[in-house]
Amino acid sequence: MNLTITPGKLSGTITPPPSKSLAHRYLIAAALAGEGSVVHNLADSLDIRATRRCMAELNTNSQDLPDFNCGESGSTLRFLIPLALVLRGGGRFTGQGRLMERPQKPYFDIFDEKGVRYEQKDGFLTVEGHLTPGEYRLPGNVSSQFFTGLLLALPLLDGPSVIIPTTRLESEGYIGMTLEAMHEFGVNAVSTCSFPPQYHIPGRQQYQSAEVTVEGDWSQAAFWYAANCLGCEVDVRGVAQYSTQGDRVIASHCLELSQPGDTEIDMSGCPDLAPPVAAAAAVRQGITRLTGAARLRLKESDRLSAIAAALNAMGARVMEYPDSLTVYGQEGLAGGCTVDCCNDHRIAMMAAVAATRCRQPVTLLGAECVSKSYPGFWDDYRMLGGAILEYSGE
């Protein structure tokens with residue numbers, strides 16, 4: 001699906017969809033608890049469908065090695081790998097897009113140590129074996145998803161375990177979200193006060209049924225906050241101000257970006273915010289450096305490159321470096337261009353809000369990719385007054 005956006009300010013009230021990150025965790029915990037759990041306020045995004053599908057496969061009674069199609073969801077893949085080993089002795093994993101190219105080395109190093117067999121070939125990852133209680137060492141600067149996968153699985157073992165970060169821990173807020181979700185379902189782990197923290201997990205625990213509600217998604221709300229930085233008037237409702245979601249820092253980032261002057265923002269703890277922050281930085285008084293962003297190259301797209309390409313096509317001035325971006329703010333953007341969304345939902349949404357400050361229309365190629373996390377994004381954009389012409393074809 002391709003769209004042409006006619007520039008104009010957005011205004012009105014919006015409630016972002018439920019948190020995809022929290023929904024993954026609640027759905028997994030609810031499935032592990034068995035019958036009786038209720039998860040309210042779920043969105044039907046493609047990533048959430050992938051987790052539902054994979055948890056149903058995990059819970060089948062077949063003696064065969066289960067097959068997991070994770071779609072394009074990195075969370076689903078990395079969360080399910082340890083659970084498959086603990087509960088089914090392994091599994092075969094596949095996915096679409098760039099998913100199976102994303103690094104799994106932190107798990108592979110653990111598997112080499114624990115004697116778990118694995119093979120990655122022709123778009124499939126097969127793991128066979130069992131995890132045992134004990135010590136698990138992980139680099140903290142690759143992805144918090146590896147920590148979450150182990151935190152969800154290790155309580156089910158018959159003895160205690162500890163997860164020890166071997167580097168500075170990035171995206172720690174996502175681990176806090178995991179611990180909160182586990183606690184809601186009666187399973188606990190203790191984090192130490194050290195830097196970085198270690199996670200001590202008692203064994204022989206069981207997930208208990210619970211009734212929970214998924215709160216609004218700060219990662220998606222971030223695009224509407226960025227739109228406000230660009231001059232729109234969007235009233236964002238339904239997100240918890242004291243949430244464990246790390247991406248709630250978008251509010252303070254946007255406050256900072258609304259002031260003139262040069263600034264630097266570390267994205268290592270909240271890499272998903274780089275696209276909306278870059279959009280807001282493109283039209284302001286001052287130079288903005290987005291640092292600690294190397295992991296963005298391993299997302300649905302090479303997101304550092306995709307951010308720079310999309311905004312530069314629209315008339316911004318963005319310089320790309322190996323692990324950072326420098327955005328030179330200016331009065332407005334020219335537009336009158338075509339932007340490839342790179343099959344990346346966050347690039348599409350970034351381009352959509354940046355288009356509000358263009359002088360000429362902007363065409364987005366592959367705009368349907370927002371369905372990965374925010375299926376109703378274009379409906380919400382129209383509701384806020386966005387002028388969109390939708391068409392099919394090359």
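**Close-up views of a predicted model**

Strand 8 and strand 9 (residues 161-165) run in the parallel sense and pair over four bridges. This is a predicted model, in which local features need pLDDT of at least 70, side-chain atom pairs count only at pLDDT 80 or more, and totals for chains, interfaces and linings use all residues. Residues are numbered from 1 along each chain as its sequence is written, and side-chain values use heavy atoms, with hydrogens and water left out.

View A. The strands follow the order 8-9-11-10, and their pairing is mixed; two strands count as paired if DSSP finds at least two bridges between them. Strand 8 (135-138) and strand 10 (190-191) stand at the edges with a single partner strand each, so one side of each has no neighbour in the sheet. Helices (H or I, at least four residues) and strands (E, at least two) are DSSP runs, numbered from the N terminus.

**View B. Helix 7 and its two ends.** Among the buried residues are Trp218, Phe223, Trp224 and Tyr225. At the start of the helix, a side-chain oxygen of Asp217 comes to within 2.8 Å of the backbone nitrogen of Ser219, and after the helix comes Gly231, with a positive phi near 110°.

**View C. One side of helix 8.** In helix 8 (residues 250-257), the buried residues are Ile250, His253, Cys254 and Leu257. They cover an arc of only 95° around the axis, which puts them on the same side of helix 8; the arc is that of the directions from the helix axis to the C-beta atoms. An α-helix has 3.6 residues a turn, so residues three or four places apart point the same way. The buried residues of helix 8 pack against helix 7 (218-229), strand 14 (263-266), helix 9 (274-282) and strand 15 (287-291), where contact means heavy atoms within 4.5 Å.

**View D. Nonpolar cores.** A nonpolar core is a set of buried Ala, Val, Leu, Ile, Met, Phe, Trp, Tyr and Cys residues joined through side-chain atoms within 4.5 Å. In the largest one, which has 71 residues, Trp224, Met314 and Trp378 touch the most other members. A second, separate core of 62 residues includes Phe79, Leu150, Leu154 and Ala189.

View E. Most residues other than glycine have a negative phi, and most peptide bonds are trans. Ser171, in the loop between strand 9 and helix 6 (172-184), has a positive phi of about 55° although it is not a glycine, and Ser171 counts as buried at 3% relative accessibility. Arg204, in the loop between strand 11 and strand 12 (211-213), also has a positive phi, near 60°, but Arg204 is exposed, with a relative accessible area of 66%. A cis peptide bond with omega of about -5° joins Phe195 and Pro196, and Pro196 is found in the loop between strand 10 and strand 11 (199-201).

**View F. Thr326 and its surroundings.** Thr326 lies in strand 17 (residues 324-328) and counts as buried at 6% relative accessibility. Not counting residues up to four places away in sequence, Thr326 touches several residues, including Ile287, Arg289, Val318 and Tyr321.

Note on methods:
Buried means under 20% relative accessible area, exposed over 50%, partly exposed in between (1.4 Å probe, protein chains only). A polar contact is a pair of N or O atoms within 3.5 Å; within protein, one must be able to donate a hydrogen and the other to accept it, and residues adjacent in sequence count only if both atoms are side-chain atoms.
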